[in-house]
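Look at the overall fold before turning to the space inside it. The text below takes the two topics in that order.

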Amino acid sequence: ASAPAWAIARREIKILFRTPIYLFNSIGILVILPFAMLIPFLSGEPLEPLLLWAQQSDVRVLVNLFGAAVITFMAVFVPASSTSFSREGKQFWLSQVIPVPPAVQIKGKIYYSLVLTLLSVPLVILLAVFITKWSPLELLIIIVLGLCAGFPIINLGLFIDLLNPYLTWENPQKAIKQNANAVWSMLAGAAVLFLLYLVAMYLYKKALADFYIYAAVAAVALVLGLFTYLLLQKIAPRRYRNIVSP
């Protein structure tokens, strides 16, 4: 037997693969972005200036932060957390009666969203091979920073969807396409990304060492993530009791 939180995460993954519309909306961006990256190569546009700029030591920290942002974009634009409760629809009553506390179910949904966020790592590796030439250490920093930045964004998506889940849909597509929670979560995630961008640019202009910039961005993201996580844990038991399954 595994931990209940991981059992919840595996259940979410199984639902993802059993429902094509969920699968497409969750990982479709991973199919689109590589083709978008290839457009400059296919159009013959000169990339040498971009490649030379990315290799300069004084902007390397910005290039690495961009790589972390690519990973975080998965947490922002993929409706994994922002429709997590809504996707259960009329079956939400199962989550209310299974012998797993709401706080633990929240953990499982966070694990599931983080796993989907990690699916963007191959895209980052593709960037490293063709454009940025990231070292293994830089790749590790980028992945850690991307997950740290994605943590509060995932929590905000869960929080928004838990406050007002859309459970009355008849077609699974409506749980995502006609769910305003996904839009509000994107806006909240964009606000978090913008805040982290302001922190990074402020420290960069102060000419601090790269390590301090990475540490500061990660620290701000983790503080936001911890705050939103504790908020989720506080409201989850009450919301699970009060939500009436259709």
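The chain has 11 helices and zero strands; here helices (H or I, at least four residues) and strands (E, at least two) are DSSP runs, numbered from the N terminus. The model is a predicted one, in which local features need pLDDT of at least 70 and side-chain atom pairs count only at pLDDT 80 or more, while totals for chains, interfaces and linings use all residues. Residues are numbered from 1 along each chain as its sequence is written, and side-chain values use heavy atoms, with hydrogens and water left out.

Of the chain's 246 residues, 46% are buried, that is, under 20% relative accessible area (1.4 Å probe, protein chains only). Among contacts (heavy atoms within 4.5 Å) with a separation of 6 or more, 84% join residues 24 or more positions apart.

How many cavities of 30 Å³ or more does a search of the whole structure find? The search finds three. A cavity is a set of points on a 1 Å grid over the protein atoms alone where a 1.4 Å probe fits but cannot get out, and lining residues have an atom within 4 Å of a point. Grid points are joined across faces, edges and corners, and a volume is the space filled by probe spheres set on the points.

The largest cavity holds about 50 Å³ of space. Helix 4 (60-77), helix 8 (136-163) and helix 10 (180-205) are the elements that each give two or more residues to its lining. Residues lining the largest cavity include F77, P79, I153, G157 and M186.

Methods:
1 Å grid on protein atoms, 1.4 Å probe; cavity = no way out; pocket = protein on both sides within 12 Å on 5 of 7 lines; lining within 4 Å. Buried < 20%, exposed > 50% of the residue type's maximum accessible area, 1.4 Å probe, protein only.
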